[in-house]
Amino acid sequence: MTKNVTALTIEAETQLSPENQAYFQKCRDKLGMVPNVLAAYSFNDAKLTTFAQMYNDLMLADSSLSKLEREMIAVAVSSVNHCYYCLTAHGAAVRQLSGDPALGEVLVMNYRAADLEPKQKAMLDFAVKLTETPDRIEEADRQALRDVGFTDRDIWDIAAVTSFFNMSNRMASAVDMRPNEEYHAMAR
């Protein structure tokens, strides 16, 4: 594990599987780095595999939600949770996918100040409510998403991405996970 990726010192239990070694090489080839979140999980091959599979399924697999919309959810949720790692990494992804550095910045600070389409605003309103007061989600909240054109399958995907980033934000905060320095300069 890279020095100072987290505040914890955990000895690696196993060597990475050939699949995860190839995954890390793919990250180096595509991104020029291995994201620190993956390095943080690499002390245990099974945990790394589970985390990466869930992330890749939610963020990269087929969905009616665009990759940008999924990244926007990650940033809005991470903003509520004040997750330094995810705000930095996913703010960079929003900048890159949107081609708009200002959008990445405003979503980090307050998505309500962004010039969003009504559909995107409704999506982020739902994600933030699910983050702040999950016990208050009710049928009217799901209906508000349907009213702007989301299907029930889309609502599932919005909820799944939101839930994943709430978990990730809490892990990152608990272990003081640090973002790769490269994220700060991306797509600016």
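Is T6 buried or exposed? T6 turns out to be buried, with a relative accessible area of 13%; buried here means under 20% relative accessible area, exposed means over 50%, and partly exposed is in between (1.4 Å probe, protein chains only). The model is a predicted one, in which local features need pLDDT of at least 70 and side-chain atom pairs count only at pLDDT 80 or more, while totals for chains, interfaces and linings use all residues. Residues are numbered from 1 along each chain as its sequence is written, and side-chain values use heavy atoms, with hydrogens and water left out.

T6 sits in the segment before α1. Helices are DSSP runs (H or I, at least four residues), as are strands (E, at least two), and they are numbered from the N terminus. A polar atom of the T6 side chain lies 3.1 Å from the backbone nitrogen of L8. A polar contact is a pair of N or O atoms within 3.5 Å; within protein, one must be able to donate a hydrogen and the other to accept it, and residues adjacent in sequence count only if both atoms are side-chain atoms.

Next along is helix α1 itself. It covers residues 18-31, 14 residues in total, and reaches 20 Å from its first C-alpha to its last, close to the 20 Å expected at 1.5 Å a residue. That expected span is 1.5 Å times one less than the number of residues in the helix. N20, Y23, F24 and C27 are buried in α1. Seen down the axis of α1, these buried residues fall within an arc of 95°, so they line one face of the helix; the arc is that of the directions from the helix axis to the C-beta atoms.

L31 and L16 are 15 residues apart along the chain, and their C-alpha atoms are separated by 20 Å. After α1 comes G32, which has a positive phi, near 80°.

Over in helix α3 there is Y55. Leaving aside residues up to four places away in sequence, Y55 touches L60, E71, H90, F164 and F165.

Two packed helices are described by the angle between their axes and the distance between the axes. For α4 (residues 67-81) and α6 (residues 101-109), the angle is about 35° and the axes are 7 Å apart. Axes are lines fitted to C-alpha atoms, for helices over the stretch in contact, and angles run from 0 to 180 degrees between N-to-C directions. On the α4 side the contact is made by M72, V75 and S79, and on the α6 side by L107, V108 and M109. These residues divide into 5 nonpolar, 1 polar and no charged. In this scheme Ala, Val, Leu, Ile, Met, Phe, Trp, Tyr, Cys and Pro count as nonpolar, Asp, Glu, Lys and Arg as charged, and the others, Gly among them, as polar.

The N-terminal end of α6 is capped by D100, with a side-chain oxygen 3.0 Å from the backbone nitrogen of A102. Within α6, L103, G104 and L107 are buried. Viewed down the axis of α6, the buried residues fall within an arc of 100°, so they line one face of the helix. What covers them includes α4, α5 and α7.

Helix α7 (residues 118-132) has 15 residues and spans 21 Å from first C-alpha to last, close to the 21 Å expected at 1.5 Å a residue. Its buried residues are Q120, A122, M123, L124, F126, A127, V128, L130 and T131. Among the elements covering them are α4, α6, α8 (139-147) and α9 (152-175). D135, in the loop between α7 and α8, counts as exposed at 66% relative accessibility.

H82 is not a glycine, but has a positive phi of about 55°; H82 lies in the loop between α4 and α5 (84-98) and is exposed, with a relative accessible area of 66%. D176, also not a glycine, has a positive phi of about 55°. D176 is in the segment after α9 and is partly exposed, with a relative accessible area of 34%.

How values were computed. Contact means heavy atoms within 4.5 Å.
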